[in-house]
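Subject: Structure handover and notes

Hi there,

Please have it open in your viewer while you read.

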Amino acid sequence: MNSYKLSHLKELESESIFVIREVAAQFEKPALLFSGGKDSIVCFHLARKAFFPANIPFPLVHVDTGHNFEETLIYRDNLAKKYGAQLLIGSVQESIDSGRVTEEKGYNASRNVLQTVTLLDTIEKYKFDACIGGARRDEEKARAKERFFSHRDEFGQWDPKNQRPELWNIFNGRKNVGEHFRVFPISNWTEMDVWQYILHENIEMPSLYFTHERECFVRDGVIYAHANVIPLKPTEKVEKMQVRFRTIGDISCTGAVLSTANSVEEIVAEVAATRVTERGSRIDDRRSEAAMEDRKKSGYF
Amino acid sequence: MTDEVKQQWKTAKNQDIFKMDTQGYLDMELLRFTTAGSVDDGKSTLIGRLLYDSKSIFEDQLDAVKASSEKKGLQHVDLSLLTDGLRAEREQGITIDVAYRYFATPKRKFIIADTPGHIQYTRNMITGASTANLALILIDARKGVIEQTCRHSFIASLLKIPHLIVCVNKMDLVDYSEEVYNRIVDEYKKFAAHLDVKDIEFVPISALHGDNVVDRSTNMDWFKGSPLLNTLENVHIGSDWNHEDARFPVQYVIRPHTDAFHDYRGYAGRIAGGVFKPGDEVVALPSGFTSKIKSIATLDGDLYEAFAPMSVSITLEDEIDISRGDMLVKKGNQPENTQDVDAMLCWLNNKSPQPGAKYFLKHTSNDARAVIKEINYKVDINTLNKQEEDKSVKMNDIFHARLRTTKPLFTDSYNLNRITGSLILIDEGTNETVAAGMIQ
């Protein structure tokens, strides 16, 4: 007698593939938001599985803040080339140059907030009706309330108090003209699941996730990469540190962690032992208690 | 949280039980459970303890919650702040929506759908219950079985959650009395005889002090069962999916149009029931054409069998016309093929159903339109009594109705299959999901 059992990773994978296929079936013009971070890399991998042996039937969209790590851009371009995926880029620099947004000033200036405008402009330009993103519910308390199919009004806004109930695996993607959806296939994954899956599936990862020596400085307890886009305060000193990144975003809002983890196995062990959430090093979340909720309401993903 | 409790949690945390085995973790089972509770029944404390003891609450999260508790002038750390993620929730001290929480032990990964007890109660609990393998029902040992306990249990049975664990909480406040516990268990069993739940476990706990949550309580030597976490880790969930009746709703048709896969047609979907193997003879509904399974394809290679809830892509020996909404089944075992659907519906929207109004209906990968032909009766979810006189439906009402659909659906009874037995109704004007239906 067979026992019909799936491991938790296989069950999560199967759920995510189902969600991704639902997007392709229910929407006319979907896209996959690709940041070059581990969650979007896993989403891309799942999308390949969902449509095998065909290519992914939608483009990758990268909202480029202009403050990205060089390694992220190289990884992104190689990935698109290797798998024949269409890559579309929305540029925050262009939004600034055209006066759509105003650059923040001061030591803590970041383009993280500005990218919402660029994202919504990009969605409008290409008339995307669903954008797949790699957000997870375990990341942040506002995201714990997020649906798989997250409805956005014509201004791209999220209305957390009035979300559609989501029952079983029946997803309601119906909308009026001008509205769109954000879809989060890996909602139920944790950081640990993501790394275990990367290990299990042997997925190639950007070098930033592994330990390396880098010129860094410390501000408010966060380790920043030393880069042109973050002006140093007079008291801040740059020194070489052995670090890696737990999340990858804009240089100006991504903190590094001291780590010697050199392989996915070592990262898994590190994640298992760690006592601080991955978003603990995200400066964008530290702005206020409801920072993520506020950004999401205005159209952030 | 008092220093005493903090110390206990620290001790539990350092025990071997939560040490993560890297290899073992790759092969764990997933258990989804829902918790239901009202104000002050200790639900937040219990969830907080499970998360904290399994190292799923991180230091920065705990610091944030501590700071917020202090800001609110509280003496203790309010763990409900961990799950109440929205600004309005924190301001009003209420939970608005289902929150999902995650923790893992070396044996299992757990997904908690934490549903609020305050507003829109039924709607949220049904949402949380729809994907759960198990429901935790909390009873305050001082109060015993109350109306709310019955309501929670009824919804769990209506949504066919296969396993129930009844936690008699706050045992510390009744001197850990076996007599009190037994009385509540008897009371609950008497009530549960009216429900359709096969597997019910009972456990006396104190979420605050940790009795029988992770470790066996030394205060209740008389209790011979397992502590809560142990039960969560070991309850048999392998047969929660239907592995008898083969059902494959076609979700998407894969046509690569490349040189290497010129005539390839893969029917992509998630198996809803039964087992499919290459060589199996299948019938495509609604056309009734038959063919044989040529392969079950995945990026990782072909499979020799596939079962629920796997997402696969099936190719057939013959070229027949199949599209999204169709279903592959086996000859001798077919679902109902009908346009008249009897279902228990839960109404989820402020706007009551209007007589003769039409709705979009979603059932597996199938879309149709439907009209509510007849409302047979409403169920009083506190007493389980049928109400046949007053048939006016409002939000959170549960009622039995007959639907007429524009095209045939391929349905099973929700008792047999939670996937092919469930449906939702969508308002044609607002596009909101207005009802959840369990097919009879």
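Two residues are in contact if their C-beta atoms, placed from the backbone, lie within 7 Å. This is a predicted model, in which local features need pLDDT of at least 70, side-chain atom pairs count only at pLDDT 80 or more, and totals for chains, interfaces and linings use all residues. Residues are numbered from 1 along each chain as its sequence is written, while chains are lettered from A and ligands numbered from 1 in the order in which they are written.

**Where the chains meet**

On chain B, 61 residues are in contact with 54 residues of chain A. Strand β2 (residues 99–104) of chain B gives the largest share of the side that touches chain A, namely five residues. Helices (H or I, at least four residues) and strands (E, at least two) are DSSP runs, numbered from the N terminus. By class, this side of chain B holds 32 nonpolar, 14 polar and 15 charged residues. Here Ala, Val, Leu, Ile, Met, Phe, Trp, Tyr, Cys and Pro count as nonpolar, Asp, Glu, Lys and Arg as charged, and the others, Gly among them, as polar.

**Chain A: two domains**

Chain A is assigned domain 1 (8–193 + 289–297) and domain 2 (205–284); such bounds come from an automatic or database domain assignment. The C-alpha centres of these two domains of chain A are 23 Å apart. Between them, 22 residues of domain 1 of chain A are in contact with 21 residues of domain 2 of chain A. On the domain 1 side, α2, α3 (70–82) and α6 (191–201) of chain A each supply at least two residues, and the largest share, three residues, comes from α3(A). That side of domain 1 of chain A has seven nonpolar, nine polar and six charged residues.

Two strands pair if DSSP finds at least two bridges between them.

Within chain A, strand β1 (residues 30–33) runs parallel to β2(A), and two bridges join them. A:Leu33 has A:Val61 as its bridge partner in β2(A). In the loop between α2 (38–51) and β2 (60–64) of chain A you will find A:Pro53. The peptide bond leading from A:Phe52 to A:Pro53 is cis, with omega near 0°.

**Chain B: overall make-up and strand β1**

Chain B contains 10 helices and 22 strands. Of its 440 residues, 48% are buried, which means that 20 or more other C-beta atoms lie within 10 Å of a residue's own; exposed means 12 or fewer, and partly exposed is in between, with C-beta atoms placed from the backbone. Among the contacts in chain B with a separation of 6 or more, 70% are between residues 24 or more positions apart.

Strand β1 (residues 29–36) of chain B is mostly covered, with seven of its eight residues buried. β1(B) pairs in the parallel sense with strand β3 (residues 108–115) of chain B over eight bridges, and B:Phe33 stands opposite B:Ile112 in β3(B). β1(B) also runs parallel to strand β4 (residues 134–140) of chain B, with four bridges joining them; there B:Thr34 stands opposite B:Ala135 in β4(B).

**Chain B: backbone spots to look at**

The peptide bond from B:Leu285 to B:Pro286 is cis, with omega near 10°. B:Pro286 lies in the loop between β11 (281–285) and β12 (290–297) of chain B.

B:Thr364 has a phi near 45°, a positive value in a residue other than glycine. B:Thr364 is in the loop between β17 (358–363) and β18 (366–379) of chain B and is buried, with 29 other C-beta atoms within 10 Å.

B:Asn396 is not a glycine either, yet its phi is positive at about 80°. B:Asn396 sits in the loop between β19 (386–387) and β20 (398–411) of chain B and counts as partly exposed, with 18 C-beta neighbours inside 10 Å.

Best wishes
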